[in-house]
Amino acid sequence: MPELVTVPRGLAGVVVTDTTIGHVRGREGFYHYRQYSAIDLAERRTLEDVWALLIDGALPVSTASAGSLPAEIAPLRHIPPAVAAALPSIAAVSTSADPMGGLRAALAVAGLAAGARPLYDTSPDERRAQAMRLCALTPSLLAALYRLSSGLDPIAPRDDLSHTANYLYMITGSVPSTEQVSAIQKYLIATVDHGFNASTFTARVIASTGADLYACIGGALGALSGPLHGGAPSRALDTLDAIGTVDQADAWLRERILNGDRIMGFGHPIYRTEDPRSRMLKGVAQSLGGDLVDFAVAVEARVLALLAELKPGRELHTNVEYYAGVVMELCGLPREMFTPTFATSRVIGWCANVLEQAEDSKIIRPDSRYVGPPPPQPVPDPA
């Protein structure tokens, strides 16, 4: 047995594998997908282009090649009849308060219906085909579950709409504006992947066992559902609601900063400078404009000013959730769908990571240090 090595809590700073998918350079406030800046991709490319980059390893080089992936995924968005038949029952027990739980159940059904086999027993081509179907199907399942839990009929996907436009259409029932599609697409691209975060690492751990792809993504969804990971966009807006007005911001914030309470939408375990996703989304929000944007910008300024006064030297900036919540609110997405919307893009990154992990036959199996009562002790007889 190899000698045990003590590592930091939460595996902070520990390198567990090599990857070609992307990386986060937190001290620089920079992250990338493969060899490209993620923010540059969000500002210059479509979600479908980035999807091709992560799954197949390269960006489309021409307009003609860019059309191949949308044509491939359009028919994959449609929910298979056996899965569609199960959705009303899933929606009835999950309700709109837990769309992530509903999605986990729906994907489990979809995996059974697709006859998903363990990664260990499948070829790279079969794994890719499964990944493409799962990524294409996820937004359709989420939209259908949301509408069913709201007492509405699901809306079938349209093959003529982009992936982002189609998702908004299936949620709201209206074809979104170009401005709305652009705003949400930038958010989705910016959140496709982000290093070895909790959900991505979870997906790779499950993949290392050789389990099927749907099991890997189900585990990742479980990790994402935690409020300390993907569940914060709506909570950041809840903070703005609680503050109410700019003139009440200082009193509300001062109390919480002095108490050491967490302010949702601020701080990140990796970035020690401004989150580049937040910087971009702030610009997206300001391009949409409105009172909510002005209020969010004003509160951000007060948080930073009060931190400088009360906690000098503490580096705390807005993270992706802060302005993501503002952007999604302005584009008509209901708050209970903020984290699920995050999942519609991150599933692409998860699948890319699972496909990469499937090429490695080594199971991820760390150790732990036992700190309980010293064994062995006599087993007492029952009284």
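Modeller: A cavity here is a set of grid points where a 1.4 Å probe fits but cannot get out, and a lining residue has an atom within 4 Å of such a point. Keep in mind that this is a predicted model. The search of the whole structure gives two cavities of 30 Å³ or more.

Colleague: What makes a residue part of the lining of the second largest cavity, and which residues are they?

Modeller: The test is an atom within 4 Å of a cavity point. Leu47, Pro139, His163, Thr164, Tyr167, Leu188, Thr344 and Ser345 line the second largest cavity. Helix H8 (163–172) and H17 are the elements that give two or more residues to this lining. H8 has the largest share, with three residues. The volume of this cavity is about 30 Å³.

Colleague: Why is helix H16 called largely enclosed?

Modeller: Buried means under 20% relative accessible area. Nine of the eleven residues of H16 (residues 320–330) are buried, so the helix is largely enclosed by the rest of the structure. The buried ones are Val320, Glu321, Tyr322, Tyr323, Ala324, Gly325, Val326, Val327 and Met328.

Colleague: Which helices do the buried residues of H16 pack against?

Modeller: They pack against H9 (178–190), H12 (233–243), H14 (276–288), H15 (291–310) and H17 (338–357). At the start of H16, a side-chain oxygen of Asn319 comes to within 3.1 Å of the backbone nitrogen of Glu321. Just after the helix, Gly332 has a positive phi of about 90 degrees.

Colleague: How do you know that Cys135 is in no disulfide?

Modeller: A disulfide needs two cysteine sulfur atoms within 2.5 Å. By this rule the count is zero disulfides. For Cys135, the nearest cysteine sulfur belongs to Cys351 and is 3.6 Å away, and Cys135 is in no disulfide.

Colleague: Are Cys135 and Cys331 buried or exposed?

Modeller: The limit for buried is under 20%. Cys135 has a relative accessible area of 1%, so it is buried. Cys331, at 4%, is buried as well.

Colleague: What makes the pair Gln357 and Arg204 a polar contact?

Modeller: The cut-off for such a pair of N or O atoms is 3.5 Å. The side chains of Gln357 and Arg204 make a polar contact at 2.8 Å. Gln357 is in helix H17, and its relative accessible area of 3% makes it buried. Leaving out residues up to four places away in sequence, Gln357 touches Arg204, Ala207, Ser208, Lys362 and Ile364.

Colleague: Why is Leu11 called partly exposed, while Arg34 is called buried?

Modeller: Partly exposed lies between the buried limit of 20% and the exposed limit of 50%. Leu11 has 38% relative accessibility, so it counts as partly exposed. Arg34 has a relative accessible area of 15% and is therefore buried. Neither is a glycine: Leu11 has a positive phi of about 60 degrees, and Arg34 has one of about 50 degrees. Leu11 lies in the segment before strand S1 (22–25), and Arg34 in the loop between strand S2 (30–33) and strand S3 (36–37).

Colleague: Which residues does the cis peptide bond join, and what is omega?

Modeller: The bond joins Pro375 and Pro376, with omega about -10 degrees. Pro376 is in the segment after H17.

Note on methods
Residues numbered from 1 in each chain as written. Predicted model: local features only at pLDDT ≥ 70, side-chain atom pairs only at ≥ 80, totals over all residues. Heavy atoms only, no water. Buried < 20%, exposed > 50% of the residue type's maximum accessible area, 1.4 Å probe, protein only. Helix = DSSP H or I, 4+ residues; strand = E, 2+ residues; numbered from the N terminus. Contact = heavy atoms within 4.5 Å. Polar contact = N/O pair within 3.5 Å; in protein donor to acceptor, adjacent residues only side chain to side chain. 1 Å grid on protein atoms, 1.4 Å probe; cavity = no way out; pocket = protein on both sides within 12 Å on 5 of 7 lines; lining within 4 Å. Points joined across faces, edges and corners; volume = space filled by probe spheres on them.
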